[in-house]
Amino acid sequence: MSQTALQFLVDSPDLDGPLKALAQKVLSEERISEEEGLFLFEKADLSYLGILANYIREKRHQNRTYFNRNFHLEPTNVCLYTCNFCSYSRLIKKRSEGWEYTKDEMMDMIKAYDEQPVTEVHIVGGVLPQYDVDFYTDLFKSIKEHRPDLHIKALTPVEYHYIFKKAKVSYEEGMKMMLDAGLDSMPGGGAEIFHPEIRDEIAGGKCSGEEWLRIHEVWHELGKRSNATMLYGHIESYRHRIHHLEELRKLQDKTGGFQTFIPLKFRNKGNDMAHVTESTFIEDLKNYAISRIYLDNFDHIKAYWPMIGRDTAQLSLSFGVDDIDGTIDDTTKIYTMAGSEEQSPKMSTEELVKLIRAVEREPLERDTLYNIVTDFKDVVFEDEKSYKGYIQLPVVNN
Ligand code: V47
Ligand code: SF4
C-alpha cells in the first residue's frame with residue numbers, strides 16, 4: 001500500500017526537482033545527505049514526508065507496532081545542574097521541596113511490582129553527590145539479586161560523566177563496573193541538542209555532546225545496547241537538528257549499538273523557558289518523519305506517548321514511528337511537571353493494544369531488546385467491536 005503510494009509519488013508529473021529526486025532516493029534505499037535533510041525540514045510538506053516515512057516504516061516493520069511493560073524509578077529530583085528546559089529538578093538550596101530516595105526506599109518500590117508482569121525498570125533522575133558509583137552499583141546488584149529477569153535500563157551520560165569523574169575512573173572502567181553490577185542497557189536521555197551553540201545555552205555545565213556520544217560508544221563496545229533522544233522545538237534551528245541526527249547516524253555506522261531514536265518535544269510549563277512557544281502538532285509529525293528518513297541505520301523510531309498524548313501517538317504511526325514505549329504507570333514525573341499531555345501517565349496493556357489496533361496497526365509486546373513477549377493477534381477484548389479509537393473527526397458546521 002505505502003510502496004504504491006511512494007511509487008505513485010515518484011511517477012507523478014506534478015512532482016519535480018529535488019523533491020522528486022529525494023522520493024526516488026528513498027525508494028531505492030539511498031542515504032540522504034545533511035543538505036538534503038535540511039531541505040526536507042525547510043521545504044517538504046507533511047503529506048509528502050508522511051509517504052516517504054511510512055514507506056520506510058512499513059518496509060522495515062509492516063504494521064507491527066511495539067510497546068513494553070515498564071515502570072520508572074526516579075531516585076531524586078534534586079540536581080546540581082540547572083538546565084533551562086527542566087521543570088522537574090529542584091536546586092540544592094530548595095532540596096526540601098524535592099525527594100531523595102535511599103537504596104532501601106528504591107528497593108521497596110521495585111518490590112511493589114513483584115506480582116506484575118513488567119519486564120523493565122527505567123531509572124533516571126537528578127545528579128547529586130550521594131548518588132555515586134558505589135550507590136548505583138549497589139542498587140543494580142540488589143535489583144538483580146531480587147529479580148534477575150528485570151531488565152535494568154538506567155542512567156544517562158549526564159550521570160555517568162559526573163560519577164566517573166568523581167570516582168576518578170575512565171569511561172571504559174566506569175561502564176565496565178556498571179555492566180558487572182547488572183546494568184542491561186542505557187536509555188536515550190541527556191542528549192538534548194548536541195551542538196554547543198544550543199547545548200551551552202540550555203544545558204550548560206553537564207556533559208558535552210561529544211562526551212554523551214563517547215559514553216554510548218564505550219557501552220556499545222562492551223556489546224551492549226542503548227537508545228538516543230533529541231529534545232527539539234525550542235531555540236534550536238533545523239541546522240542544529242540535522243547536526244544532531246548526523247552525529248547519531250555516524251556513531252551508529254561505527255557501532256550499531258543504538259536500538260531506538262526518540263524525539264522529545266519540548267514542553268514549556270514550569271521551567272525557565274516558559275516564554276518559548278511549543279512546536280505545533282504538524283511540526284511534531286514532520287520531525288518524526290524526517291527522523292525516520294534520515295536515520296536509515298536505526299531500527300526503531302519511538303513516540304513517547306505520555307508526552308505527546310494518545311492521539312498524536314496514534315497518528316505518528318503513519319509518520320515513521322513503530323514503537324510507542326510502554327504501559328509506564330504514573331511513576332514518571334519528568335513530563336507531568338513540564339506540562340505534558342498526560343497528567344498521570346498510565347495505560348494498561350489492554351488500552352495500549354486497542355489504541356494501536358484503532359489505527360489498523362498490529363500490537364506486539366516486546367522486551368527492552370525487542371524480543372517479542374506477546375503477540376496479540378489472537379487476543380480479542382470483549383468491547384473491541386464497539387471500540388471507536390481515540391481519534392475524533394472534527395464536526396463541520398455548514
Ligand atoms: O534528557 C526534560 C527530556 C529526557 C523536558 O530511552 C524534557 O526509552 C521535553 O530520555 N520538555 C529524559 N522534554 C527522558 C528520556 C526518555 C523518555 C522515554 C524513553 C526513553 C528511552 C528515554 O527528558 C531528558 C530531557 O531531554 N526533558 N525536560 C521538557 N520540559
Ligand atoms: Fe538535572 Fe537532568 Fe534536569 Fe538537567 S535535565 S537539571 S541534568 S535533572
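Which elements do the buried residues of helix 15 (residues 349–357) pack against? They pack against strand 1 (64–68), helix 13 (305–308), helix 14 (310–316), strand 9 (323–326) and strand 10 (362–366), where a contact means heavy atoms within 4.5 Å. The buried residues of this helix are Thr349, Leu352, Val353, Lys354, Leu355 and Ile356. Buried denotes under 20% relative accessible area, exposed over 50%, and partly exposed in between, with a 1.4 Å probe and protein chains only.

The structure is a predicted model, in which local features need pLDDT of at least 70, side-chain atom pairs count only at pLDDT 80 or more, and totals for chains, interfaces and linings use all residues. Residues are numbered from 1 along each chain as its sequence is written, chains are lettered from A and ligands numbered from 1 in the order in which they are written, and side-chain values use heavy atoms, with hydrogens and water left out.

**The whole chain**

The secondary structure of the protein chain comprises 15 helices and eleven strands; these are DSSP runs numbered from the N terminus, helices being H or I with at least four residues and strands E with at least two. The chain is as compact as a globular protein of 398 residues, because its radius of gyration is 21 Å, close to the 21 Å of the globule rule. That radius is taken over C-alpha atoms, and the rule is 2.2 Å times the number of residues to the power 0.38.

| Property of the protein chain | Value |
|---|---|
| Span of the C-alpha trace along its principal axes | about 65 × 50 × 45 Å |
| Buried residues | 58% of the 398 residues |
| Contacts with a separation of 6 or more that join residues 24 or more positions apart | 75% |

**Helix 10**

Helix 10 (residues 209–221) has 13 residues and reaches 18 Å from its first C-alpha to its last, close to the 18 Å expected at 1.5 Å a residue. The expected span is 1.5 Å times one less than the number of residues. Its buried residues include Trp212, Leu213, His216 and Trp219. An α-helix has 3.6 residues a turn, so residues three or four places apart point the same way. Gly223, which follows helix 10, has a positive phi near 85°.

**Tyr131**

Tyr131 lies in the loop between strand 3 (120–123) and helix 6 (133–146). Tyr131 is buried, with a relative accessible area of 3%. Leaving aside residues up to four places away in sequence, Tyr131 touches Pro75, Thr76, Glu100, Tyr101, Tyr136 and Ile163. The C-alpha atoms of Tyr131 and Val78 are separated by 11 Å, although these residues are 53 residues apart along the chain.
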